[in-house]
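Thanks for coming. I will go through a few local features one at a time, with the definitions as we need them.

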Amino acid sequence: MAMDASGALPADWKVGVDIGGTFIDFCALETRSGRVASLKVLTTPDEPGAELMTGLTLLAEREGLAPADITRFVHGTTVGINTVIQRKGARLALVTNAGFEDVIELARLRMPDMYSLFCARPDQLIARDMVFGIPARLRADGRETRAPDMAAVAGAVATARARGAEGIVVALLHAWRDGAQETAIKAEIERLAPDLFVFTSSEVWPVIREYERTTTAILNGYVHPRVAGYLGALEDRLAARGVPARALLTKSNGGVMNAAEGKTACVNMLLSGTASGVIGAAWLARQAGEDKVLTLDIGGTSADFALIVDGAAQFGTGELVGEFPLHIPSVSVSSIGIGGGSIAWIDDHGVLRVGPDSVGSSPGPACYGRGGTKATVTDAMAVCGWLGHAEMAYGQLDMDPALARAAVGDLAAILDRPLAETAQAILDIAVSEMFVEVEKLASRAGVDLREFTLMPFGGGGPMLGAFLAQEMGISHVMAPRRPGVVSALGGLVADLRGDFIRTVFALPSPEVLPSLRASLKDLIAEGCQWLTDQGHDGAIDLILSADMRYHGQSYEIEVTLDPAWIEAGDLGAIAATFHATHARIYDFDDPTGTVEMVNLRLTAIGAGPALSLPEADPAEAPATPLKTVRVHTGGALRDVTLYSRDDLTPGTGFEGPAVIVQEDTTVAIPPGARARVDRHLNLHLQIEERA
C-alpha cells in the first residue's frame, strides 16, 4: 500500500450519508485511528445533492477528511420515495393483456380503511387512459395460446407517445412463469420508440400474482427518471471532488448496491433511509449486547418504528411507499407522520392536533429563525425548556425560544390555555400518536414490548424517546453516542445484499424435486453473479427460504430452508419446518395438512467492512453538570440539570430530570429516570413507568 511523503499510511475514511426530510447526515470513520466524525447539514429541496457537496467541504475543513482518502462511500436518499409521495414521477403507460386493463384499479378489492365511511383508494400512478390491452395469452403452466399482437403494440405505443408518455411498463399474465412475451413486447417498443424507457414486470420482480408484480414494476418506472438523473449527478459530483470510491446505495432490504444498478433497479432503494436506520441500530445493539430492541427514529417529518430480535432486523413484503404497497423484501418499518417539524394545528371542532404535515427544512420550525411561523413539536420542546441551551446541528442552528413562544402562543390564545400547558399538550399528543402506532406493531408481531429496550435516534428520537417509554411501560432506553446519524452509520456498516425469487407454485413431492433443484441452481448462480457484478470478491453467505402455505390458504408465510434438503430430497424436513414456523406465528399447525410451496427465495450477502467504534472501560464517576435550567415537566416548572454529552465518560451515572446537549440532538430525561454511560458511550436510562 502506498505511503505519503512522511512514510505513514494514508488515511482510510469510510463515509455513510443519509438524506432525510430536514437534514442530510454524515457518519465517517477513519479506520486506522478509529476516529469518528459526524455532521448534519440542512437539505436543499430545490437542488438535491448540493447539500452533499457542502457536507464534504465541511468535513474536510473540520476533520481533515480529504476526498482522495475516501475508500467507501455509501449513500441513502429519499429522492425515490419523495417522488412517489409528491406525485412528481414519470408519465407512464401500461401494456397488459386485453381484458385486464383494470388490474391496478381493481387491485385486491380492499379498502385502505374498512371502518371508514369516507375511505377512498388513492389515484393510481398510471391514468386509466394510459393503460393498453394487447391480445396475448400465456397459460399458468407456461403454454402460449396467443402470441403478442405486435400491430396492437404499435398502436398502443403511438397513442401513448401522443398522450405524453415518458416510459412504458409491460406486465402480462403469468409472466412469472415465462417472461418471453414481455421481453418480445419490450424489444418491439424499443424499436418503435427508442426515446421511451421500458420496464417489464418479469425483470423487476418475477413473482406470482399480477397485481403485486405490476405495481412493483410501476413504482420502478415511475421514479426511474428522477432517480437515474440524481444518481448520475451524484457520480459526477463525487468524481469532480476527487472521491475514488465507487458510490454505493442503501437498499430497502437493509443492504447496499452500486449506484450504476440503482439507476435501473430504482424500486430497491425506495425505503433505503428507514431501512439503513434499522441496520445501524441493529449493529449498535449487537455491540451493546442488546438482543431485543424497539427502534424509534424521529426526523423532521416522521417517526419510524422497527423491531430488532436477536440482534437482527426483521424483514417483510408489502411495505407502503406513500399509498402503494411495495412487494419486494424490505426491512419491516412502521411509520407515522410525527416528527420534529410536524405542525400543531386546531381542527374545525376546536381540537388540538399534531401532524401529519411538516414544515420541512425550509422554513423549518419557528425557533430555527428561518422564517417559519407555524408551531411544531420542536417549538413545543423549546417552550417547555428542553431545547435552546446550546447550538444545534453542529453549529448550523442557533435556536431562538422567543420565536417558538410566539408560534405556540398563537395556538394557546385560540385554545384559551396557558402557553406552557399548550406546549405540553402538543408533546403529549405527539407521544400518544406514536403510542398507538407502536401498539399496532407489537400486536402484529405478537411481542411484549416490556421485554424490549427502546433505542431512540434521529434528531428527534432522544427528545421524546423517554416519554414514549414511560407510556409504553418500557423500563430500559438506550441512546447511542451519536443518535442523529444512526441511519448514516447503517449505510456505513451494511452488507451487499441481493434478493432473488422464483415462483414454483407446487406441492413439494418427489415429482417436483427436479424443478425445485433447477430453480435453486438458477437462484444460486444469479445471486453469486450479482455479487461478482457488485465487485465483491470475499466470502458469500446464501440464505434460502420459501413462501409456503397449507393448500387452500390465501396467504403464505416465509420459511427458512436448508438448501441441502432440496438437494437430498428431504421433503419431510421441509414440511416439518413449515409446520413449526406456522405454529410459532399462529399458535396452530396441521401436521396432516397438504403443504404448498409458492415462491423460492434466495438472499445473497457479501459481508461489508468489519468496523468497530472506540470503546473504553467504565470508571465510576459522577457527571459534571454545566448548569441548572428551568423546564416545564410534570405539569410544573422545575429546576433541571444540564449536561454536555462530551463530558459523559464510560461509567458516569446520574439521575433525572436532566437535559443532555450534543452536536446532533438533545436528550430529554424525565424525573425518576436513572442514567449511566457504557463502554461504547451509549447512554442507558432506567425509566419509571408513569403513574
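This is a predicted model: local features need pLDDT of at least 70, side-chain atom pairs count only at pLDDT 80 or more; totals for chains, interfaces and linings use all residues.

Residues are numbered from 1 along each chain as its sequence is written, and side-chain values use heavy atoms, with hydrogens and water left out.

Now the helix itself. Helices here are DSSP runs of H or I with at least four residues, strands are runs of E with at least two, and both are numbered from the N terminus. How far should the 21 residues of α15 span? At 1.5 Å a residue, helix α15 (residues 513–533) should span 30 Å, and its end C-alpha atoms are 30 Å apart, which agrees. The expected span is 1.5 Å times one less than the number of residues.

Which residues of α15 are buried? They are Leu513, Leu516, Ser519, Leu520, Leu523, Gly527, Trp530 and Leu531. Seen down the helix axis, these buried residues fall within an arc of 120°, so they line one face of α15. The arc is taken from the directions from the helix axis to the C-beta atoms. On the other side of α15, Pro514 and Lys521 are exposed. Buried means under 20% relative accessible area, exposed means over 50%, and partly exposed is in between, with a 1.4 Å probe and protein chains only.

Just after α12, glycine 446 has a positive phi of about 65°.

Next, strands. In a regular strand the side chains alternate between the two faces of the sheet. Strand β10 (residues 197–200) is covered on both faces: Phe197 and Phe199 are buried on one side, Val198 and Thr200 on the other. Strand β9 (residues 167–170) pairs with β10 in the parallel sense over 4 bridges; two strands pair if DSSP finds at least two bridges between them. Valine 169 has phenylalanine 199 in β10 as its bridge partner. From β9 the chain crosses through helix α5 (residues 180–192) to β10, and this β-α-β crossover is right-handed. That word applies if, with the strands pointing away from the viewer, the path from the first strand over the helix to the second runs clockwise.

For an antiparallel case, take strand β33 (residues 658–661), joined to β34 by 4 bridges. A hairpin of 4 residues connects β33 to β34, and valine 661 stands opposite threonine 666 in β34. Strand β34 (residues 666–669) also has both faces covered, with Thr666 and Ala668 buried on one side and Val667 and Ile669 on the other.

Last, aromatic rings. The whole structure holds 6 aromatic pairs. One of them, tryptophan 386 with phenylalanine 467, is edge-to-face, at 5.6 Å centre to centre and 65° between the planes. The pair links distant parts of the chain, 81 residues apart: tryptophan 386 is in the loop between α10 (377–384) and α11 (401–415), phenylalanine 467 in helix α13 (residues 461–472). Rings of Phe, Tyr and Trp (its six-membered ring) pair if their centres lie within 6.5 Å; planes under 30 degrees apart count as stacked, over 60 as edge-to-face and the rest as tilted. Tryptophan 386 counts as buried because its relative accessibility is 1%, and phenylalanine 467 is buried at 12%.
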